[in-house]
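Student: Could you take me on a close look at the ligand site of this model? I would like to know what surrounds the ligand and which contacts it makes.

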Amino acid sequence: MNNFLIGCVGKPSAGKSSFLNAATDANAKVGNYPFTTIDPNNGVTFYQSPCPCKKYGKTDVCAPRYGKCVDGTRFIPVKMLDVAGLVPGASEGRGLGNKFLDDLRTAHVLLHIVDASGQTNEKGEGYDPINDIQWLLDEIHSWIFNNLWKKWGSIVRRHSALKAAAATTLQLQFSGYGSNFATVQKALDLMGIKEPSEMEKWDKEYVGKVVRGFMDVRFPTVIVLNKIDQPDADGNILRICQKYDPNQIVLTSALAECFLRKMNKDKYIRYTEGSEFFDTSEDQTTPDPDHPLKDCDEKLMNRLEKVRDLVLFRYGSTGIQAAIKKAVDMKGLVPVYPVRNLTHFSSDDKNRGSFKDCLLVSPGTTVREFCRLLSPELEKHFLYAEGPSGQRTVG
Ligand SMILES: Nc1nc2c(ncn2[C@@H]2O[C@H](COP(=O)(O)OP(=O)(O)O)[C@@H](O)[C@H]2O)c(=O)[nH]1
Ligand SMILES: [Mg+2]
């Protein structure tokens with residue numbers, strides 16, 4: 001199954017837990033997923049992608065083993081983690097510093113949840129959320145940089161003695177942050193650092209820059225501006241979008257999504273995750289006998305209208321699905337559907353159900369590597385793979 005893990009980080013009260021609730025399917029039988037432990041900080045969310053069942057006319061027999069397929073849209077399960085405990089000074093061991101850092105190193109992409117309304121800070125006062133983005137970068141940077149810099153002398157001596165490549169030397173130091181050689185090499189390439197790297201000449205400032213370059217590759221981050229339903233959010237959003245790359249930013253209301261999901265579950269409305277609309281019983285011109293809706297009282301109607309006006313109408317959705325999509329897209333992951341039979345697109349020899357499995361993989365993953373992800377046994381006997389139009393791939 002997908003090992004990809006999205007980590008929610010941010011200041012206390014920014015809305016991390018709410019986001020996790022809003023994004024994860026509380027109704028799903030969590031134990032059904034091979035990778036979940038049932039604890040409040042973990043969840044399974046879904047990346048939505050067009051399912052190949054539509055293209056190949058198999059919608060009626062599409063049978064995902066995990067996740068679901070709704071009218072040709074595949075909901076691919078992705079793990080999510082609430083990386084709680086980051087407080088200012090965490091890198092110096094304050095708050096839940098170490099637990100936070102342990103969690104952080106398991107995540108592949110970060111969602112930085114920011115309270116865009118700037119309602120409260122640690123001291124319970126209003127504050128400017130624009131500083132939060134730099135603050136998170138600084139916290140992670142201090143953590144990695146301080147560990148590296150205190151050993152820098154001996155790192156460089158060893159490096160020179162072994163005449164090692166910079167990527168080899170740095171990967172030894174960075175492996176604890178869940179990095180691999182390719183990650184470090186990519187960071188060095190992006191910074192234009194070539195061999196011989198002359199690491200001996202790097203000063204404190206330059207090492208700091210290298211750490212920053214490494215962070216960009218190792219911890220791609222989506223900036224999630226949360227609490228857009230709050231009146232003070234507008235101005236802050238505008239300023240943050242001017243300062244940072246808008247492509248990195250998603251606007252959300254975790255609270256609105258939690259509310260809409262609950263109303264949908266309790267059958268007051270019909271609402272699909274990610275949608276711009278929902279229907280109440282009043283909106284349904286012809287009631288759907290399969291999904292009868294209860295009538296909303298005035299108080300409920302007012303709350304729903306508010307969500308419609310302040311969130312859905314203004315921003316097009318609650319943004320939760322958009323944030324998940326951005327996180328997966330930021331890593332460039334692509335869904336791959338392994339099947340045993342190219343007529344039925346089934347996974348067993350009795351042709352029961354199509355497109356059972358789906359894995360998100362990095363571009364450039366070879367078919368052989370993909371086999372290893374499916375099972376080491378399969379890789380041992382690997383000869384070639386065949387695509388839907390009969391093309392064969394051997395490596
Ligand atoms: N108005 C509004 N409040 C929110 C939103 N998301 C979270 N909150 C509230 O912010 C507070 C802190 O949320 P929580 O998820 O516990 O934050 P965490 O400390 O980052 O996990 C709670 O009172 C939430 O109800 C949102 O989108 N809009
Ligand atoms: Mg929390």
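Tutor: Happy to; here is a walk around ligand 1, from its neighbours to its contacts and then to the chain as a whole. Please keep in mind that this is a predicted model.

Let's start with the shell. Ligand 1 is surrounded by 15 residues, and the closest are Ser13, Lys16, Ser17, Ser18 and Asp229.

The side chain of Ser18, one of the closest residues, has an N or O atom 2.6 Å from an oxygen atom of ligand 1. In the side chain of Ser253, an N or O atom is 3.4 Å from an oxygen atom of the ligand. As for cover, ligand 1 on its own has 580 Å² of accessible area, and the protein covers 72% of this.

Which elements give two or more residues to the shell? They are helix 1 (16-23) and helix 10 (254-265). Helix 1 provides the largest share, with 3 residues.

Finally, a step back to the whole chain. The protein chain is divided into domain 1 (5-138 + 221-330), domain 2 (151-217) and domain 3 (365-395). Between the C-alpha centres of domain 1 and domain 2 there are 36 Å.

How values were computed. Residues are numbered from 1 along each chain as its sequence is written. Chains are lettered from A and ligands numbered from 1 in the order in which they are written. This is a predicted model: local features need pLDDT of at least 70, side-chain atom pairs count only at pLDDT 80 or more; totals for chains, interfaces and linings use all residues. Side-chain values use heavy atoms; hydrogens and water are left out. A residue is near a molecule or strand if one of its heavy atoms lies within 4 Å of it. A polar contact is a pair of N or O atoms within 3.5 Å; within protein, one must be able to donate a hydrogen and the other to accept it, and residues adjacent in sequence count only if both atoms are side-chain atoms. Accessible areas come from the Shrake-Rupley method with a 1.4 Å probe; for residues, only the protein chains shown count as cover. Helices (H or I, at least four residues) and strands (E, at least two) are DSSP runs, numbered from the N terminus. Domain bounds come from an automatic or database domain assignment.
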